[in-house]
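Subject: Structure handover

Hello,

Here is the structure we talked about. Please have it open while you read the notes below.

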Amino acid sequence: MADAFNRFNTGGQYFYQPQHPRGLNHRNGSPISSARGLFQPNTDTPSPNRSPGTHSPAHNPYSMYNHNNHRQNHLLSGGAGHNFQTQMGLHKGFQSQNHGNNAHHMSNQTQDHGIVGHNSAFGNHQYTNSGSNLTASTPHYAPSHLQNGNSDQSGGLGNSAPNEHWADQEAEYGRLQKAGDKPHFYARNSPHVSRFPGASQSSITRSTDIEEHEAEDAGSWDALDLGGHGLKSMGPSLFRHYPNLRKIYFNHNKLTWLPGEVGHMRNLTVLDLSFNKLDALPAEIGMLTNLKKLLLYGNELRDLPYEIGSLYQLEMLGIAGNHMLRADYMERMREHGTKEFVRFLREQAPAPAPPNDREWIQLVDDADTEPEKFTVCSWNTLCDRAATQAAYGYTPSGALAWEHRRGVILDELTHRNADILTLQEIDIENYNEYFRPNLAAEDYKGIFWPKSRAQTMGEKESKIVDGCAIFYKNTKYILLDKQLVVFSREALNRPDMKGEHDVYNRVMPRDHIAVVALLESRATGSRLIVVNTHLAWEGWFADVKVVQVAILMEQIAKLAETYSKWPPCKDKELFKYANEDRADGLPETRIEPAPSMKYDAALQIPLLICGDFNSMADSGVHALITSGSLAPTHADLGTQKYGDFTRHGMNHPFTLKSAYASVGHWPFTNYTPDFREVIDYAWYSTNSLQVTGLLGEVDPEYMRRVPGFPNWHFPSDHLALYVEFQVKGRKEARKAVEADFGPSRQSSRQ
């Protein structure tokens, strides 16, 4: 599984309407007054504060109207062809301000833009209007007050009594309906705008919703309010250029369609499209998996895309007022609420069309067929125990079921037909009962070790412990040796780490392993060291991952030295049953085995290190593997102490490179809604191996509507890596033998 790194997206409480410099391009309808300069009371366009008293913006040193201390932000909104309005959302921490449409400084009386006594997500206040006390728990409107005086306007379901789910819909629908087409309705009602004249802290109660999300709203350019401007379209560039917005309000416009580019805005938590003329939503809406609110009140929707089922964090789906929407959808929403409705859409959605196959990228001219080549597939398969609905709430239960996923995994492996498979997160039970027997039918033999915790568990309990497996084509390779590396055990056995508390507290509890295999080609006699590993996933254990890799490289160096002196393989004949015949009836072509190749030094043996390293390109793990050394002062090590590793640094003798580095930028190997990074690698020794081809990216058109893996076509949250390698030095070695340069011919085999 991928690292659970925190994905920070700092953003603020500020709404995006650009503020103009004093005295320039003032808002239409706000004539210049000698008393106020830019603003004066106006019955048509409410201003942030029309009272010139001590609490007015003119006297507030933190106000946006103050000459010396104001904050000015600008945003160009694609498709928004209107005069810019004064920015309404400013410094965080101000108390709520409520304005009457015609109000100046009033005492003991509060109005809120003409909407009195409503239960608002932005302000759950008690309002007092001319002596009438209307609380949020007693809405001032009844069903008869809704549009046309008809109680079914909010849902089109007749007069059935609303339950707790539908009551919230009606309350919010009524509030937004009465707001009309006032520009920047949300910005003007934000409790963070400024301070109401004469209001005390006790007289204004912050809403639960604002308090709940206040901590995550730090920063600027968090929200955009384009409500109430009569906009007929939204330019796609708005969604492409500002993907980090968290809240967008397009309510009370004339939008008839929403661009699919909205799917780029994957950080959105609130999207209000209420009171437009939308009759459909793009499938890309399902990419917005961080949405908590999707408000579609008062549109002309007839249906909803199944992709809404991916919005597993959605708390409010506002659909009241869509009179032509499917009756069964309205009824289900009324009876069960948003969470159940989203789950229903997710489970009922048909499996999408499969993507085009990933493109094969040829890196070396394939005309020369003489060099020895082999293919490798490395994949974290996401074990059954880890694939829960809590972790992958955007995935239908059928696509998450192990019976489905293991079948897709096996199909992928047999379709690729790689010479070597390095698989992570294979558990004991499925290795023994599913993968080993099924892959044996495809000419694979395998080795497997579970994580070290399995050694302390009973047989029944240990079945679900995952580990690392290496499969190889039996007709192509002979297994000469296999080794298990337990990182915690090796750390405890190092004399320089004796008594180091960080070793006992951080490294020892992690039970990750590596599996090493020494293979020999039956046809050529060349040997290959194959390593498969899975490191700690937690982002806060970056130091542990560095230590795990340092131990791994140290053990590989020792094994390579041993393998360079390994004796020749005597028996390379392929075992066959007496009655074994080819399926096509033709005689079997016998390949004469070649003698074992001799290696004079450890670095001459080709080396391949695959696995889920849970580390990105800027990590200490990546630096250590690719550069061959790591300073003890590296940031990933922090202040921890790990013997000689943190006293003198770490190093290894190999020259290694990532196979996918050959294609430059690679988008991801792990793909979930909140994490899309390269953390899986196939490292190879550049002195003895060369990448000749690899499997490319996933179909981009398909990915436009896929919020994360796993799904019906990709059974793991990790992407399978598939690479073709060429063994270097074979042609040069043969030339050396023909020229008969004596002892130098052996040293030329590199």
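A residue is called buried when its relative accessible area is under 20%. Cys-383 has a relative accessibility of 1%, so Cys-383 counts as buried. Cys-569 is buried too, because its relative accessible area is 17%. A search of the whole structure finds zero disulfides. Please keep in mind throughout that this is a predicted model.

**Overall picture**

The protein chain has 750 residues, and 55% of them are buried. It holds 17 helices and 24 strands. Take the contacts with a separation of 6 or more: residues 24 or more positions apart account for 70% of them. The accessible surface of the chain is about 32,400 Å². Carbon and sulfur atoms own 49% of that surface.

How many of the seven residues of E24 are buried? Seven of the seven are, so the strand is largely enclosed by the rest of the structure. Leu-721, Val-723, Phe-725 and Val-727 point one way from E24. Tyr-722, Glu-724 and Gln-726 point the other way. The residues on both sides are buried.

E24 pairs with E9 (residues 373-380), and the two run antiparallel with six bridges between them. In that pairing, Ser-378 stands opposite Leu-721. E24 also pairs with E23 (residues 689-695), again in the antiparallel sense, over five bridges. Here Val-691 stands opposite Phe-725 of E24.

Ala-386 lies in the loop between E9 and helix H6 (397-400). The relative accessible area of Ala-386 is 15%, so Ala-386 is buried. Ala-386 and Asp-466 are 80 residues apart along the chain, and their C-alpha atoms are separated by 9.9 Å.

**Salt bridges**

Side chains of opposite charge can pair when their charged atoms come close. The whole structure has 26 salt bridges.

Start with Glu-284. Its side chain meets that of Arg-704 in a salt bridge, at 2.8 Å from N to O. Is Glu-284 buried or exposed? Its relative accessible area is 5%, so Glu-284 is buried. Arg-704, at 36% relative accessibility, counts as partly exposed.

Glu-284 has another partner. Arg-705 forms a salt bridge with Glu-284, and the closest N and O atoms are 3.6 Å apart. Arg-705 lies in the loop between H15 and E24, so this pair ties together parts that are 421 residues apart in sequence. Arg-705 counts as partly exposed, at 46% relative accessibility.

Now a local pair. Arg-343 forms a salt bridge with Glu-340, with the closest N and O atoms 2.8 Å apart. Both lie in helix H5 (residues 327-348). They are three residues apart, so about one helical turn separates them. Arg-343 is partly exposed at 35% relative accessibility. Glu-340 is partly exposed at 23%. Back to Glu-284: salt bridges that share partners join Glu-284, Glu-701, Arg-704 and Arg-705 into one network.

Helix H7 covers residues 402-416. How far apart are its end C-alpha atoms? They are 21 Å apart. At 1.5 Å a residue, its 15 residues should span 21 Å, so the two values agree. The buried residues of H7 include Trp-402, Arg-405, Glu-412 and Arg-416. Also buried in H7 are Gly-407, Val-408, Ile-409, Leu-410 and Leu-413. Asn-417 follows H7 and has a positive phi, near 55°.

Helix H13 covers residues 620-627. Its buried residues are Gly-620, Val-621, His-622, Leu-624 and Ile-625. What covers them? The cover includes helix H12 (542-563) and strands E17 (629-630), E18 (650-651), E19 (656-658) and E22 (680-685). Just after H13, Gly-628 takes a positive phi of about 90°.

Best wishes

Technical notes:
Residues numbered from 1 in each chain as written. Heavy atoms only, no water. Helix = DSSP H or I, 4+ residues; strand = E, 2+ residues; numbered from the N terminus. Buried < 20%, exposed > 50% of the residue type's maximum accessible area, 1.4 Å probe, protein only. Contact = heavy atoms within 4.5 Å. Areas by Shrake-Rupley, 256 points an atom, 1.4 Å probe, with all protein chains shown as cover. Expected span 1.5 Å × (residues − 1). Disulfide = S-S within 2.5 Å. Salt bridge = Lys/Arg side-chain N within 4 Å of Asp/Glu carboxyl O. Pairing = 2+ DSSP bridges.
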